[in-house]
Amino acid sequence: MGSRVLPLGFLQAGQDAVIKKFNHGRGFCRRLTEMGFVRGARVRVVKNDIGGPLIVTTGDGRLAIGRGMAMRILVEEVEQQ
Amino acid sequence: METAQVINNEEMVLALAGNPNSGKTTVFNSLTGAHQHVGNWPGVTVEKKEGRFVAEGKVVRVIDLPGTYSLGAYSEDEAVARNYVLFEKPDVVINIVDATNLERNLYLTVQLLEMGVNVVLALNMYDELQTRQIKIDVTKLSELLGVPVVSTVATRNQGMKELVGRALQVAKAGNREPLKINYGKEIEPELVAIEQDILSVPELAARIDPRWLAVKVLEGDEGILEELEKYPGLEHLLDKRHEIVNRLENLWGEDVESLITELRYGFIGGVTKKSVKRSQTVEDRLSLSDKIDRVVTNRYLGIPIFLLAMWAAFQFTFKVGEPFVVGIEGFFEWFGAATGTWMVNVGAYGLLNSLIVDGIIGGLGAVLVFIPNIFLLFFAISLLEDSGYMARAAYIMDRFMHCLGLHGKSFIPLMIGFGCNVPAIMATRTLENKRDRLITILINPLMSCAARLPVYVLFAGAFFSAHQGLVIFSLYLLGLVLAILMGLVLKRFLFSGETSHFVMELPPYRIPTLKSTFIHMWERGSSFIRKAGTIIFIVVVLIWLLSNLPVGVEYASQESVLGRIGSFVAPVFGPAGFGNWEAATALIFGILAKEVVVGTLGVIYGAQEAGLTEVISQFWTPLSAYAFMVMTLIYIPCVAVIATIKRETNSWGWTFFAVGYSLVLGWLMAVLVYQVGSLFGFS
């Protein structure tokens, strides 16, 4: 097992993870959490190309997240269902 | 028993709330049809859409609240929606929810329920559930949330009758109990404590549910805290909150706001677990949209596809518009001549005749001729937006926007700027970061708006007729490039600071209904025409007046006031190749409204648009024409835009800056083009 905790930005497309923690300033979380990106939420990386924003999903709905933000969201990799 | 229906004079107020992309607008249009109108919420720059319909003998007023993901006070949109529900207390709120993205959509629902307002849930896009193999137990969902749930497919008008029926039912039934989410054993006692404080102010507790207020206080809702501090006995609330927050945050290492959000989602998760069944695994849920996105957002194909889409939009605008343009041209020519003749026959000639024929008909005609192009452009933009492609464009451009220190979200207002800079600048409201917003507003006028199109078409048609499309495209491209450069300059010299956060929903691709795209196009196009209609009409008459003063002067000659003004300014444009008074005059009036540039030239050269082309070719050279078009592209935005900039930035300083830099830049570029071009022997 031994899942590691790492920034979301490091995940490859197709990988699943659970949100663990935000390294953030105040306003950072708001938009994200409103969209369902809360601690404990399960996400999947849909697309992660170098330099661009990531496209992730919490199951339904696709969200584009800037790279800077993605590096501040710490997640734990999990096995795919 | 009376046979006629008695219309109850009581009006019922119905508000529509929901996420962006949930189909709320479709529902609004479906309910109100032609009986709608757009205004502004007082004090803010948020659009207010109202309408009405008649049901069960009652007049129902419908307010379309701004689409929001939440009801905090974090953006003007949210504040407007929240305050409306809180203070105006509509009889019922229809919450439109995207059934295929239930959890995220329910976040807003839960907040509405916590407010204790009457809600009916419209489970929209119900038809798409089947393709995704999702089953929602509507009865269970309704039971768990405590509100009626109606499944709808707004684009096909399914479920609307039932929705309205339930809404009216609920409205008549009176108030309901607010939803109480259990926030856990640490937070609950704090909430009770704050609630006690609020209960000590009876008139407040009577107005708004104390528990809801307590939750908001704990969340740190700035708008609410400000409001509450005004009440006697609650001044210490802010300090009290600080204390509680510190305690809780030390306990968890996470800020209270996020915690409350998590707990709300926890509640939502519980609800969906019991009412939603998915047969697909997360993996299978690769929908058609994702497959399309594989291509559209591909790192190599993304940009070429985007450019292709833009090119197609332009081709559509011009090619399809051409026959209409020719038609309108012909009409005005005929109309002008016929009216002139009729007036002479009726005995009205001289100044009056001239005013009507040369001034009004001539001026208006030169401008209205481009209405087909303008509407088609707005149609294309609406299509791109409604289909969901715009969000992808923003995603693709985000990479480049980063070079400007902006992000993809700034891209959409810039795109709209190609239609008209006024709604484009207003669209920057979605940018939460003030710095981003300001930069996007300031570079927006460089996005060549539809009003400058007549100028390009005139000159490009006269000198580059074979390559008209290409030349015009080059101007748009130039505008884009300059916008990027300006953005860089602004970022480096005027603003420094952290990059802001880019989070944007990529809605599933949807085929927009023709009806909704038309409505969108009509909304934007008709407001554009209304602006054109009033300002341009005034300006046209003004120009005519100045061309006829001082009395007795030859119409629109250099000796008239108009000509004098132009002659005074003209030398400035010498190095740019169009140092003649005619050009200068047209540019001056272009400040009032860009469309008028062509109209002014029309009046000065004494010709209708058709004849204008020939006249232009005599007095200008291809190079000076191009330089002139560059100047038109860049210099001062029109009065309407200047006013919008002032309103959205709330600063005369920045407004003057916008005016100033565009003048200087425009002149520099025009001169550059002409001088360099001359060097290459293009004269």
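How many Å should the 14 residues of helix α3 (residues 102-115) of chain B span at 1.5 Å a residue? Keep that in mind; the tour gets there soon.

**Before you start**

This is a predicted model, in which local features need pLDDT of at least 70, side-chain atom pairs count only at pLDDT 80 or more, and totals for chains, interfaces and linings use all residues. Residues are numbered from 1 along each chain as its sequence is written, while chains are lettered from A and ligands numbered from 1 in the order in which they are written.

**Stop 1: helix α3 of chain B**

Select residues 102-115 of chain B. The expected span of a helix is 1.5 Å times one less than its number of residues. For α3(B) that gives 20 Å, and the end C-alpha atoms are 20 Å apart, so the two agree. Helices here are DSSP runs (H or I, at least four residues), strands are runs of E with at least two residues, and both are numbered from the N terminus.

Now centre on B:Leu108, where α3(B) has a kink of about 25°. The bend at a residue is the angle between axes fitted to the seven residues ending there and the seven starting there.

Eleven of the 14 residues of α3(B) are buried, so the helix is largely enclosed by the rest of the structure. A residue is buried if 20 or more other C-beta atoms, placed from the backbone, lie within 10 Å of its own; it is exposed with 12 or fewer and partly exposed in between. Among the buried ones are B:Arg104, B:Tyr107 and B:Met115. Step just past the helix to B:Gly116, which takes a positive phi of about 80°.

**Stop 2: strand β5 of chain B**

Next, select residues 92-98 of chain B. Seven of the seven residues of β5(B) are buried, so this strand too is largely enclosed by the rest of the structure. Show the side chains: B:Val92, B:Ile94, B:Ile96 and B:Asp98 point one way, and B:Val93, B:Asn95 and B:Val97 the other way.

Look for B:Asn95 opposite B:Leu121.

**Stop 3: B:Val539**

Jump to helix α23 (residues 514-548) of chain B, the place of B:Val539. Is B:Val539 buried or exposed? It is buried, because 22 other C-beta atoms lie within 10 Å. Leaving aside neighbours within four places in sequence, B:Val539 is in contact (C-beta atoms, placed from the backbone, within 7 Å) with B:Phe589, B:Leu592, B:Ala593 and B:Val596.

**Stop 4**

From the N terminus on, they run β-β-α-β-β-β-α-β. Of its 81 residues, 54% count as buried.

Where chain A meets chain B, the contact takes 32 residues from chain A and 30 residues from chain B. On the chain A side, α1 (28-34), β3 (42-47), β5 (62-65) and α2 (67-70) each supply at least two residues. The largest share, seven residues, comes from α1(A).

Finish by selecting β5(A) together with strand β10 (residues 503-506) of chain B: they pair in the antiparallel sense over four bridges. Here A:Ile65 stands opposite B:Val503.

Conventions. Two residues are in contact if their C-beta atoms, placed from the backbone, lie within 7 Å. Two strands pair if DSSP finds at least two bridges between them.
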